[in-house]
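Subject: Structure handover

Hello,

I am passing a structure on to you. Please look it over first, then read the notes below.

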Amino acid sequence: MQMFLRHKWIIAAGLIPAVVIYTMFSIYPILSSVYYSFFKWDGFSPKQWHGLQNYVNLIGDGVFWQSIRNNLYFVLFSVLGEIPLGLYLAMMLSGKLFRRDGIFRTVFFMPVVISTIVVSLIWNMFYNYQFGLVNTALRAVGLDHWAQNWLGNPGLAIFVLCIVVVWQYTGLYMVIFLAALQNVPSEVLEAAELDGAVGIKRTWHIVVPIIADTIFASVVLCISGALRAFDLIYIMTNGGPSHSTEVGATYMFSQTFSSMKYGYGSAISTAIIIISFGLIIISQFILRSVKR
């Protein structure tokens with residue numbers, strides 16, 4: 001180890017492959033997207049310089065802003081749904097009652113490893129108007145007038161999808177918090193119990209501050225995951241009805257590969273990157289303020 005510290009070039013040389021791979025597969029595509037966003041191009045004919053026109057069109061594009069708003073719904077539902085539920089399940093499963101029973105951990109984590117296609121099929125059947133479980137339950141209790149086409153209602157479809165996302169990824173954060181809870185000293189918890197801090201009081205004042213860094217990292221993961229949402233929406237609704245479930249990634253995909261507007265699609269992806277960075281920076285600022 002001392003030899004490596006004396007010769008820092010060895011450490012730098014070891015990092016070169018990772019830096020090269022990261023540059024090729026992360027930095028270069030982003031820079032290419034920014035470059036193409038200044039052109040009018042269908043992917044086949046010669047590119048035409050378009051200046052900032054793609055961005056001017058983007059500012060006036062109502063569907064784009066609706067897709068960003070839907071992304072923000074995903075962020076809110078993910079942060080306010082997956083993080084608290086994941087922490088609650090982790091606390092429950094780390095308790096004396098379930099600590100040695102691995103079956104519940106498997107059940108709660110299973111949605112994370114299921115293919116998105118399978119998840120989409122399951123929830124499409126769940127929300128089906130004719131024989132779906134939701135409408136069947138409503139009709140069974142006499143609430144027939146509440147039964148509806150959940151994925152076909154423009155006012156509800158995005159929230160219905162948000163529920164699916166929370167269901168799918170809560171197990172991931174449960175596992176992360178389970179690992180973090182292993183680092184909470186049992187002596188501290190026992191001392192808290194002796195002082196009368198139990199239940200929510202103990203969780204809020206003892207457990208949460210100890211695993212705060214893990215929670216903050218999970219929030220960033222939640223935000224980045226919600227902003228990258230694509231496959232579930234594409235399979236279940238394809239952005240419909242009437243663009244009501246469109247998110248940034250699906251709109252970028254449709255403009256780039258269906259409408260053959262590569263330049264405009266690149267402008268959308270660049271805007272998504274900027275908005276994502278902005279949201280992550282804002283979230284970091286808020287979380288640091290809370291930590292202080």
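UniProt, in an unreviewed entry, marks "transmembrane region" at residues 9–31, 72–91, 103–126, 156–181, 206–227 and 262–287. Please keep in mind that the model is predicted.

Two of those spans were looked at further. Residues 262–287 are 100% helix and 0% strand. Their end C-alpha atoms sit 37 Å apart. Residues 156–181 come out at 96% helix and 0% strand. Here, too, 37 Å separates the end C-alpha atoms.

Now the chain as a whole. The protein chain holds 14 helices and 2 strands. Its C-alpha trace spans about 75 × 75 × 35 Å along the principal axes. The chain has 292 residues, and 37% of them count as buried. Take the contacts with a separation of 6 or more: 66% of them join residues 24 or more positions apart.

Then the surface. The protein chain exposes about 17,300 Å². Carbon and sulfur atoms supply 70% of that area.

One surface feature deserves a look. Ile16, Val20, Ile21, Met24 and Phe25 form a nonpolar patch there. Together they have about 510 Å² of accessible area. Ile16 belongs to helix α2, which covers residues 8–36. Why does Ile16 count as partly exposed? Its relative accessibility is 49%. Buried means under 20% and exposed means over 50%, so a value in between is called partly exposed.

Best wishes

Conventions. Residues numbered from 1 in each chain as written. Predicted model: local features only at pLDDT ≥ 70, side-chain atom pairs only at ≥ 80, totals over all residues. Heavy atoms only, no water. UniProt positions renumbered as here; feature names shortened; annotations may be inferred. Helix = DSSP H or I, 4+ residues; strand = E, 2+ residues; numbered from the N terminus. Patch = residues over 30% accessible without salt bridge, like charges linked within 9 Å, V, L, I, M, F, W, Y side chains within 5 Å. Areas by Shrake-Rupley, 256 points an atom, 1.4 Å probe, with all protein chains shown as cover. Salt bridge = Lys/Arg side-chain N within 4 Å of Asp/Glu carboxyl O. Buried < 20%, exposed > 50% of the residue type's maximum accessible area, 1.4 Å probe, protein only. Contact = heavy atoms within 4.5 Å.
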